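Okay, thanks for coming, everyone. Have the sequence and the model open while I talk, and stop me whenever you like.

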Amino acid sequence: MESTLLKNPRDNAELVYIPTGKFLMGDNDRKDNPRHTVELTDYYIYKNLVTVEQYERYCKVVGKEMPPTPSFNKNWQKRDHPIVNVSWHDVRGYAFWAGGDLPSEAQWERAARGTKRRKYLWGNVFDRDKCWCSKKGWGDAGGTTVVGRYGISLEGCTDMAGNVWQWCLDEYDADFWNSTASNIVNPVNESVSDVHVLRGGSWRNDAPGYFRCASRLVNNSMYGCDNIGFRVVFRGLR
């Protein structure tokens, strides 16, 4: 499928258009994300992860301090790498500033897997060469890499597998996708919780299951980590 690209003038990020429609989300062997049909209205999602350069510009505009630098990117010198060490609250602030919001789990998975029934972005067999991940053991990749080179989805989004885990809008509930609450158009779990969903896998991980389109992880909303970043979505631009 050919993507329609626009740019957000606020941070110059490229946007990928995802049309209205239904898709099969989840996999039958995932207890907290079984196979089910989800309907979404159209939206735009950032083609790439938000970078150090983009986040630093935001911090200067709003008068916010940059997060602590990770050991593999001292003084934030690698400006084309994804920003990390940002909490869910930090990144939602950026998303609002950029004019959008964080992607819901369903929006993230639709942009990752498209309308195909693949376990991974590229097919049903794990391929370490298609994502930035640990090849030999936990964390051996040594840190993040330049955005846009790996983990490319059928819709044209990058780093949808590997590089960094990505914050989603939803609070985590292991039973949400088994409940009637998920049966509405544009489902989002907004129950009160101190943990939010992460998607995509990261440079620290080596187990294939982390990089599946249907896989979910969680993190406390108050804390960032050196393998967690984010992207932004826009709704109703057409």
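**Rings, strands and salt bridges**

For the record, rings of Phe, Tyr and Trp (its six-membered ring) pair if their centres lie within 6.5 Å, and planes under 30 degrees apart count as stacked, over 60 as edge-to-face and the rest as tilted.

Quick housekeeping. This is a predicted model, so local features need pLDDT of at least 70 and side-chain atom pairs count only at pLDDT 80 or more, while totals for chains, interfaces and linings use all residues. Residues are numbered from 1 along each chain as its sequence is written, and side-chain values use heavy atoms, with hydrogens and water left out.

Back to the rings. There are 17 aromatic pairs in the structure. One of them is tyrosine 55 with tyrosine 94, which is stacked at 5.8 Å centre to centre, with 15° between the planes. That pair links distant parts of the chain, 39 residues apart: tyrosine 55 sits in helix α1 (residues 52-62) and tyrosine 94 in helix α2 (residues 88-98). Helices (H or I, at least four residues) and strands (E, at least two) are DSSP runs here, numbered from the N terminus. How accessible is tyrosine 55? Its relative accessibility is 0%, so tyrosine 55 counts as buried, and tyrosine 94 counts as buried at 0% too.

Zoom out a bit and you get one aromatic cluster made of Tyr55, Tyr58, Tyr94, Trp97 and Phe230. Look at Trp97 there: arginine 10 lies over the face of that ring, 5.2 Å from the ring centre. A charge sits over a ring if NZ of Lys or CZ of Arg is within 6 Å of the ring centre and within 35 degrees of the ring normal.

Staying with α2, its buried residues are Trp88, Val91, Tyr94, Ala95, Trp97 and Ala98. They pack against β1 (5-8), β5 (43-46), α1, β6, β7 and β10 (233-235). After α2 comes glycine 99, with a positive phi near 100°.

Now the strands. β6 (165-171) is mostly covered, with seven of its seven residues buried.

Next one over on my list is strand β4 (residues 36-40). Its covered face is His36, Val38 and Leu40, and its uncovered face is Thr37 and Glu39. As a reminder, in a regular strand the side chains alternate between the two faces of the sheet. β4 pairs with strand β3 (residues 21-25) in the antiparallel sense over five bridges, and glycine 21 has leucine 40 as its bridge partner in β4.

On to the charges. The structure holds 15 salt bridges, meaning a side-chain nitrogen of Lys or Arg within 4 Å of a carboxyl oxygen of Asp or Glu. Aspartate 27 and arginine 113 meet in one of them, 3.1 Å from N to O. Here, too, distant parts of the chain are linked, 86 residues apart, with aspartate 27 in the loop between β3 and β4 and arginine 113 in helix α3. Aspartate 27 is buried, with a relative accessible area of 5%, and arginine 113 is buried at 2%.

Then there's aspartate 90 with lysine 64, at 3.0 Å, N to O. Aspartate 90 is in helix α2 and lysine 64 in the loop between α1 and α2, so this pair ties together parts 26 residues apart in sequence. Lysine 64 is partly exposed, with a relative accessible area of 31%.

My last pair is arginine 199 and glutamate 109, whose closest N and O atoms are 3.0 Å apart. Arginine 199 belongs to strand β7 and glutamate 109 to helix α3, so parts 90 residues apart in sequence are tied together. Both residues, arginine 199 and glutamate 109, are buried. They also belong to a network of salt bridges whose members include Asp27, Arg113 and Arg216.

Methods: Buried means under 20% relative accessible area, exposed over 50%, partly exposed in between (1.4 Å probe, protein chains only). Two strands pair if DSSP finds at least two bridges between them. Contact means heavy atoms within 4.5 Å.
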